[in-house]
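Hi,

Here is the structure I promised to pass on.

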Amino acid sequence: MHRTFAITVVLVAMAGLTFAAGIPANNIAARNIYGNYVEARTADVFTGPCFANSEVGLVGQLAVFGWKVTKGSWQGVDLDGMSVVGVVRAHHTLGDVFESAYPVKAVVIVDDRANPEQRLALQSFAKHMAGDLLQDVVQVDYQPIEMTFADNDIHSMKANLTAGNLAKITTRALSEGDHICRNEEVWYRPLTKLDHAMPAYSIANQFQGKGLDTTWSNPDKRSAFIGTFVTESE
C-alpha cells in the first residue's frame, strides 16, 4: 500500500501536480479566495496508455466537479463555506490533446443556502475557474450541497460531494490493486486550475438531473481528482 502511494506521488509530481490537505497561511492574502475541489469523469485519469487509448473518443465526455470555498469573497460578496458544482457533457473526451472536446453543454448547481448576491457570485466564480467548460450553461439549479474532505491525510484521498439528488461524487485513495498494467500515470490534468491535486478512485460518480439530455452513474474507476485552490478575487 505504501509503495502505491509513493509511486502515485512521484508520478503526479512528474506531471506537475501535488496535493496538500491544507494551504500555508503565508500563501493566503486577504484578496484571495481559497478552498477544496473534487471532480470525477467517465474516463480514467490515472491509467496506462493501453487503457487510455481504448477509452478516448468513446467515453470521458461527462464530468461532475465542485468547489467548496473555505474562505474568501468574489466580486465583493462573502462566500465563506459556500459550494458550487458544475456538470458537463462534451462532444469528445475531456482533456484529449488531439481532438477538441467542444462544444460543451453545462449545468451549474448552486448552494441553496446562498442569498441572491451569493448565488450570482458563485456562478461567476465557477465560470472563472472552469473557463470555457461553463461557457454554455443550459440550466442552473439550486440544491443543498455537501462537500467533505479528509483533513491532514495525504494518503486518504477521501472526498464526498452531494448536490441534492442531482449529483454525487465519492472517492477513496488509489490502492495497489488499482495498478492493473503497472504502467499507470496521470494521463489527464484536472478540469480546473488548482494549486495542489492528486488522482483518486471514484466510488460514486453520478448525475441524475436535467438539461444535458443524459444522466449517468459511472462508479469504480480511476477517474477522480481532489485538490485545493487559491485564486485572486475579482
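Let me start with a cysteine: Cys181 is partly exposed, at a relative accessible area of 27% (buried means under 20%, exposed over 50%, and partly exposed in between, with a 1.4 Å probe and protein chains only). Cys50 is also partly exposed, with 48% relative accessibility. Cys181 takes part in no disulfide, and its nearest cysteine sulfur, in Cys50, sits 4.4 Å away. That is too far for a bond, because a disulfide here is a pair of cysteine sulfur atoms within 2.5 Å. By this rule the count is 0 disulfides.

Before going further, please keep in mind that this is a predicted model, where local features need pLDDT of at least 70 and side-chain atom pairs count only at pLDDT 80 or more, while totals for chains, interfaces and linings use all residues. Residues are numbered from 1 along each chain as its sequence is written, and side-chain values use heavy atoms, with hydrogens and water left out.

Now the overall picture. The protein has 3 helices and 15 strands; these are DSSP runs numbered from the N terminus, with helices being H or I of at least four residues and strands E of at least two. Of the 234 residues in the protein, 53% are buried.

What is inside? The largest nonpolar core has 32 residues, and those with the most contacts inside it are Phe65, Trp67, Leu79 and Phe125. By nonpolar core I mean a set of buried Ala, Val, Leu, Ile, Met, Phe, Trp, Tyr and Cys residues joined through side-chain atoms within 4.5 Å. Strand 1 (32–41), strand 3 (62–71), strand 6, strand 7 and helix 3 (116–130) each give two or more residues to this core, and helix 3 has the largest share of it, with 6 residues. Leaving aside neighbours within four places in sequence, Phe125 is in contact (heavy atoms within 4.5 Å) with residues including Ile33, Trp67, Trp74 and Phe229. There is also a second, separate core of 26 residues, with Leu62, Ile145, Phe149 and Leu166 among them.

Strand 10 (residues 159–163) is worth a click. Each way you look along strand 10, the residues are buried: Ala159, Leu161 and Ala163 point one way, and Asn160 and Thr162 the other. Strand 10 runs antiparallel to strand 9 (residues 145–149), with 5 bridges joining them; pairing requires that DSSP finds at least two bridges between two strands. Glu146 has Thr162 as its bridge partner in strand 10. Strand 10 also pairs with strand 11 (residues 167–172), again antiparallel and over 5 bridges, and there Ala163 is partnered with Ala167. Strands 10 and 11 form a hairpin with 3 residues between them, and Gly164 in the turn has a positive phi of about 55 degrees.

Most residues other than glycine have a negative phi, and most peptide bonds are trans. Which residues are joined by a cis peptide bond? Tyr102 and Pro103 are, with omega about 10 degrees, and Pro103 lies in the loop between strand 6 (83–90) and strand 7 (104–111). Asp213 has a positive phi, near 60 degrees; Asp213 is in the loop between strand 13 (196–207) and strand 14 (216–217) and is exposed, with a relative accessible area of 75%. Asp220 has a positive phi near 60 degrees too, and lies in the loop between strand 14 and strand 15 (221–232).

Cheers
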